[in-house]
Amino acid sequence: MLTVEQISQKFSKENSCEGKKSISEKIMRQLVFIAEVDKIKQVMRRTLLTDSSRRENDAEHSWHLALMSILLEEYAAEPVDLERVLKMVTIHDLVEIYAGDTFAFDVVANQDKEARETEAAEKLFGLLPEEQGIELRALWQEFDAMDTADSRFAASLDRLQPFMHNILTDGHTWKLGNVSKEQVLKRMDPIRTGTPALWSWVQEQIELAMDKGYISN
């Protein structure tokens with residue numbers, strides 16, 4: 001993979017004529033960031049595609065959340081700013097380019113997840129012009145904190161999407177983690193508060209998953 005420095009060098013050569021700068025430093029930083037985050041397409045999650053043919057990547061997951069945000073906005077527990085929600089779900093996993101994907105049910109890996117992702121956020125959002133970098137990092141932090149209407153709705157969708165995939169792939173990641181009903185309910189709780197209209201369905205599906213042996217008691 002190209003490093004940030006290599007990306008910068010290639011862009012500088014292709015966008016210069018006889019040593020003259022054709023774009024501003026701000027635009028160059030934005031273009032470099034855009035190219036660097038292309039690496040999210042290579043961050044593989046544990047979740048399978050719904051046909052079980054392969055694992056999905058972070059870019060596919062984020063796209064799915066963006067579409068879900070548009071389609072399910074009416075079920076948000078509180079009024080939300082859809083533009084802010086779309087920004088959150090688009091950037092929420094970018095830090096995994098450097099920190100890696102952490103399996104939700106891996107207790108050991110989750111112990112240093114916050115530290116790894118905080119370091120990654122400093123490095124990644126620091127590539128942007130200062131004002132933009134501060135804005136995106138704040139949105140990333142808000143998403144994780146789940147302390148606003150926008151972040152609670154966004155986080156509920158982040159839990160719902162892999163939950164749906166688990167149902168359609170015979171409990172793939174639940175089996176990987178050998179998870180219990182209590183663990184799944186705890187993981188899905190943001191749906192109860194963020195999109196309560198879906199909570200009864202989630203509970204029903206958990207009971208069915210237990211009956212099928214996808215989740216333990």
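Not counting residues up to four places away in sequence, R159 touches M146, R187, M188, P190 and I191. This is a predicted model. R159 sits in helix α8, which covers residues 149-168.

Look at the charge next. R159 is buried, yet it has no salt bridge. The nearest side chain of opposite charge belongs to D158, and it is 4.4 Å away. A salt bridge would need a side-chain nitrogen of Lys or Arg within 4 Å of a carboxyl oxygen of Asp or Glu.

Now move to helix α3. It spans residues 58-72, and S69 is part of it. Is S69 buried or exposed? Its relative accessibility is 0%, so S69 counts as buried. The cut-off for buried is under 20%.

What surrounds S69? Leave aside its neighbours within four places in sequence. S69 is then in contact with L82, V85, L86, V89, F153 and L157. The side chain of S69 also reaches the backbone oxygen of L65, at 2.8 Å. A115 is another matter. It is 46 residues from S69 along the chain, and the two C-alpha atoms are separated by 28 Å.

The cut-off for exposed is over 50%. L71 also belongs to a nonpolar patch on the surface, formed with W63, L67 and I70. Together these four residues have about 420 Å² of accessible area.

Definitions and conventions: Residues numbered from 1 in each chain as written. Predicted model: local features only at pLDDT ≥ 70, side-chain atom pairs only at ≥ 80, totals over all residues. Heavy atoms only, no water. Helix = DSSP H or I, 4+ residues; strand = E, 2+ residues; numbered from the N terminus. Buried < 20%, exposed > 50% of the residue type's maximum accessible area, 1.4 Å probe, protein only. Contact = heavy atoms within 4.5 Å. Polar contact = N/O pair within 3.5 Å; in protein donor to acceptor, adjacent residues only side chain to side chain. Patch = residues over 30% accessible without salt bridge, like charges linked within 9 Å, V, L, I, M, F, W, Y side chains within 5 Å. Areas by Shrake-Rupley, 256 points an atom, 1.4 Å probe, with all protein chains shown as cover. Lys, Arg positive; Asp, Glu negative; His and termini not counted.
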